[in-house]
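Subject: Structure for you to look at, with notes

Dear colleague,

Here is the structure I promised to pass on, with the sequence alongside.

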Amino acid sequence: MVAINTEIMTYDLFGRPFKQPAAGSGWIIDEDGLIVTNNHVVTGAETVTVTLDDGSTFPAETVRTDPLTDLAVVKINAQDLPAADTGDSHELRVGNWVVAIGNSLGLGISAKEGIVSRQGVSVTVSAGQTLYDLIETSAAINPGNSGGPLVNMAGEVIGITSAKIAQVGVEGMGYAISSNVAIPIIEELVQKGYVTRPWLGVVLYTVDQYAVLWYQLAVDKGVLVTEVVPGSPADNAGLEAGDVIVGFDGEEITTAEELMQALHSSQIGQEVKITYWRGETKNTASAILVESPPP
């Protein structure tokens, strides 16, 4: 378990730049200095510093992130670190005891106990971003806990603390990315530096009343294509800006989020059928998905 401190450049009311400190958590997945945390802990940071349990601090040498899953891997110049064991989150059951460990409120490492409240939860954390297959826990989650481990009674990491619902009258609803979702992402970040996924090559906007009026659409549900990348699978399939996608490989599509989830559930090299409206005409096209380009 480690504490992560960052500095983010921001601006005051008069436009003057200053560095804003922030705190988060992480855990050691490899004895040679590989630290797992959340993307939102390190994204946009000017500096990232890792503090170990013995108080020693190390600047981050590299930071590799995957914003879609809110995961990141930080490399520090250290060896023979006590790496944590990872467990199988599929073996968890509702009611199992767990412990959330983290740099709560930036005050240092602490632990809070709780139980698994639900599994397989989806939570929208920002516009256009939803985290899937989360573990809901009653363990207290506070600012600074993000990126820290959620461990079972065997001391194995079975989740990465990521979010909580912070509303008046709401208690005990913290969420962790399950280890079974996180580990393949972490392995790709370590090996490649980024995560490859099936790629269509479009910029999307969920159809709403504004879009219907502004673009004079013939349908009021679906996903509006606002941009097509030249040479992409979408371009090769004949899709154009202004088209409204309503079906993807046999599934009805009503939101950009649904389309992205269906896309990421597909395979690189897979041929998919796309149903879309162009003006008042309904069409079907075939696209062969390719590997997403490096960021």
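The notes below go through strand pairing, salt bridges and surface patches in turn.

Please keep in mind that this is a predicted model, in which local features need pLDDT of at least 70 and side-chain atom pairs count only at pLDDT 80 or more, whereas totals for chains, interfaces and linings use all residues. Residues are numbered from 1 along each chain as its sequence is written, and side-chain values use heavy atoms, with hydrogens and water left out.

Strand pairing

Helices (H or I, at least four residues) and strands (E, at least two) are DSSP runs numbered from the N terminus, and two strands are called paired if DSSP finds at least two bridges between them. Strand β19 (residues 271-278) runs antiparallel to strand β17 (residues 244-248), to which it is joined by four bridges, and in this pairing I245 stands opposite Y276 of β19. β19 also pairs with strand β20 (residues 281-288), again in the antiparallel sense, over eight bridges, with I274 opposite A285 of β20. β19 and β20 form a hairpin with two residues between them, and G279 in the turn has a positive phi of about 65 degrees.

Salt bridges

A salt bridge here is a side-chain nitrogen of Lys or Arg within 4 Å of a carboxyl oxygen of Asp or Glu, and by this rule the count comes to six. For accessibility, buried means under 20% relative accessible area, exposed over 50%, and partly exposed in between, computed with a 1.4 Å probe and protein chains only.

One of the salt bridges joins D66 and R197, whose side chains meet at 2.7 Å, N to O. This pair links distant parts of the chain, since D66 is in strand β6 (residues 62-66) and R197 in the loop between α2 (179-191) and β14 (198-199), 131 residues apart. Both D66 and R197 are buried.

Another salt bridge is formed by R278 and E240, with the closest N and O atoms 3.7 Å apart. R278 lies in strand β19 and E240 in the loop between α4 (233-236) and β17, so the pair ties together parts that are 38 residues apart in sequence. R278 is partly exposed at 31% relative accessible area, and E240 is partly exposed at 43%. E240, D243 and R278 are linked in a network of salt bridges.

D12 and R16 also form a salt bridge, with the closest N and O atoms 2.7 Å apart; D12 counts as partly exposed at 25% relative accessibility, and R16 is partly exposed at 49%.

Surface patches

Patches are made of residues with over 30% relative accessible area and no salt bridge, like charges being joined within 9 Å and nonpolar side chains (Val, Leu, Ile, Met, Phe, Trp, Tyr) within 5 Å. D249, E251, E252, E257 and E258 form a negative patch, and the elements giving two or more residues to the negative patch are β18 (251-252) and α5 (256-264). E257 has its place in helix α5 and is partly exposed, with a relative accessible area of 35%.

Y205, Y210, W214 and Y215 make a nonpolar patch of about 490 Å². Helix α3 (residues 209-215) gives the largest share of the nonpolar patch, three residues, while Y205 is found in strand β15 (residues 202-206) and is partly exposed at 33% relative accessible area.

With best wishes

How values were computed: Accessible areas come from the Shrake-Rupley method with a 1.4 Å probe; for residues, only the protein chains shown count as cover. Lys and Arg count as positive and Asp and Glu as negative; His and the chain ends are not counted. The place of a charge is taken as NZ of Lys, CZ of Arg, CG of Asp or CD of Glu.
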